[in-house]
Amino acid sequence: MAGPLRVGLVGVGQRGLQHVQALTDMQNDEIIQITALADPYPENLEESKISKYVDGFSPAGIQMFDSADGMIESGLVDAIWFVIPPNQHRGEIERAAEREIAIFAEKPQSLFLDDIISQDAAITRAGVPSTVGFQMRHDRGYTDIAAYLEDKWVAAMTMIAEGAVEGHGVKHTRTEEQGGPANRVWTANRAWSGTSVVEAGIHQTDIMRYWSHDDVEWVRATYTERPKELHATEGDNPIAYTVTYGMKKGGVANLLFTKPARSYYGGRFDCIIHTHGTIKLEDDFVDYTFEDEWPPAQNPGIDQVRKVISPGPHTTAMGRESTRAIGQAFATSIVENKPENRLNSFHSSINSLASVLAANVSNDLGGEKIVINEFIHDDKYAKYRKNPKR
Ligand SMILES: NC(=O)c1ccc[n+]([C@@H]2O[C@H](COP(=O)([O-])OP(=O)(O)OC[C@H]3O[C@@H](n4cnc5c(N)ncnc54)[C@H](O)[C@@H]3O)[C@@H](O)[C@H]2O)c1
């Protein structure tokens with residue numbers, strides 16, 4: 001490839017601006033060139049607005065478009081970062097792939113499996129590079145855990161993600177013009193977000209797959225619905241989600257995800273159990289495991305079994321560093337033709353997305369066990385896969 005990779009970004013909103021920051025930093029390091037931005041709302045493309053969020057932003061050399069299609073047809077981009085709400089996709093990913101443009105798709109790639117299968121088919125047919133925005137895979141500490149577990153069997157994982165309604169940001173899409181929430185907090189709205197497990201819990205779902213080197217085979221889920229009288233003020237997504245995943249290699253993963261209002265609380269708990277150890281995310285990431293001859297004459301003290309597998313301090317795996325890392329990994333993997341550095345592809349990520357969408361279906365069906373393969377292929381789930389608008 002002559003010159004740096006030419007990158008376009010579609011959807012200059014909350015997440016898009018974080019990517020524009022990472023891309024600007026990468027452009028300064030001569031890794032890529034930003035050649036195009038697209039957004040239907042002119043205010044989102046104004047230099048003054050973007051500069052409020054992006055240090056060092058300059059529109060020089062960037063063509064602005066009011067739609068993805070203008071960018072796709074322009075011949076100006078080798079790769080596109082798609083960063084639009086999941087219910088707004090209208091075949092743009094497919095059309096970009098047909099034009100042999102590499103695809104970085106923010107999660108969730110759509111709220112409907114039929115759309116995702118169509119996007120995947122176009123990407124596979126064209127053979128273009130692809131990745132999905134699971135940036136936690138590119139965090140140093142999380143990668144250390146995955147490497148450590150490569151030769152071990154993960155029996156159980158539990159992640160508790162305690163959030164709050166107030167943690168939802170005011171977004172940049174004019175939802176009020178499309179029958180969506182008047183306050184633009186679309187992540188609190190079911191029709192726009194697909195539930196918080198789909199919109200956000202998909203990160204935890206995906207990282208549990210990454211750590212365990214495994215895929216989800218089935219899911220059972222029970223949600224605690226938010227009382228109807230609170231929907232107008234707090235959004236109509238559930239207050240709490242209890243999701244259990246059966247993994248293909250036989251382990252079980254639990255995801256507890258909470259979104260009450262008025263708590264203003266954020267917290268988390270992570271625990272990974274493998275055959276002979278318990279991994280905890282302390283200041284260091286640690287495996288509690290006894291590695292000498294077993295059983296010992298006397299039980300060891302806890303310090304004797306504490307083994308650091310990734311020294312701290314660790315920053316948030318969802319922050320600026322991992323956003324830069326996933327963008328850079330994608331860009332350089334294309335230039336250097338090293339697909340393994342992407343750590344996922346659109347196709348391999350379908351298991352994460354299908355799992356959270358199937359969690360919704362399980363909850364709707366009273367906690368029924370949904371086998372992911374059947375959810376993707378069987379006629380009995382066809383109505384749950386279909387996008388009513390397409
Ligand atoms: N990986 C992460 O950590 C992370 C974090 C936040 C959001 N996201 C994901 O990023 C995506 C965008 O979320 P957001 O928070 O930036 O929302 P947002 O509403 O703030 O931004 C979306 C932007 O896309 C634009 N847009 C809407 N429809 C469009 C279309 N058809 N064509 C072009 N542009 C369009 C909007 O005008 C807006 O500027 C979602 O899929 C979300 O789940 C990922």
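User: Hi! How far apart do the C-alpha centres of domain 1 and domain 2 lie?
Analyst: In this predicted model, the C-alpha centres of the two domains lie 25 Å apart.

User: Which residues belong to which domain?
Analyst: Domain 1 takes in 5–134 + 321–344, and domain 2 takes in 137–316 + 351–385.

User: Thanks! How many residues does each domain bring to the contact?
Analyst: Domain 1 contributes 23 residues, and domain 2 contributes 23 residues.

User: On the side of domain 1 that touches domain 2, which helices each supply at least two residues?
Analyst: Those are helix 5 (113–126) and helix 12 (320–335). Helix 12 gives the most to that side, with five residues.

User: And what classes of residue make up that side of domain 1?
Analyst: It divides into 13 nonpolar, seven polar and three charged residues.

User: New topic: how do helix 9 and helix 13 cross?
Analyst: Helix 9 (residues 201–212) and helix 13 (residues 346–364) have axes that come within 9 Å and cross at roughly 130 degrees. The two helices are therefore oblique to each other.

User: Is that crossing left-handed or right-handed?
Analyst: Helix 9 passes helix 13 in a right-handed crossing.

Terms used:
Residues are numbered from 1 along each chain as its sequence is written. This is a predicted model: local features need pLDDT of at least 70, side-chain atom pairs count only at pLDDT 80 or more; totals for chains, interfaces and linings use all residues. Axes are lines fitted to C-alpha atoms, for helices over the stretch in contact, and angles run from 0 to 180 degrees between N-to-C directions. Helices (H or I, at least four residues) and strands (E, at least two) are DSSP runs, numbered from the N terminus. Angles under 35 degrees count as roughly parallel, over 145 as roughly antiparallel, 65 to 115 as roughly perpendicular and the rest as oblique. A crossing is left-handed if the near helix is turned anticlockwise from the far one by less than a right angle, and right-handed if clockwise. Domain bounds come from an automatic or database domain assignment. Two residues are in contact if their C-beta atoms, placed from the backbone, lie within 7 Å. Ala, Val, Leu, Ile, Met, Phe, Trp, Tyr, Cys and Pro count as nonpolar, Asp, Glu, Lys and Arg as charged, and the others, Gly among them, as polar.
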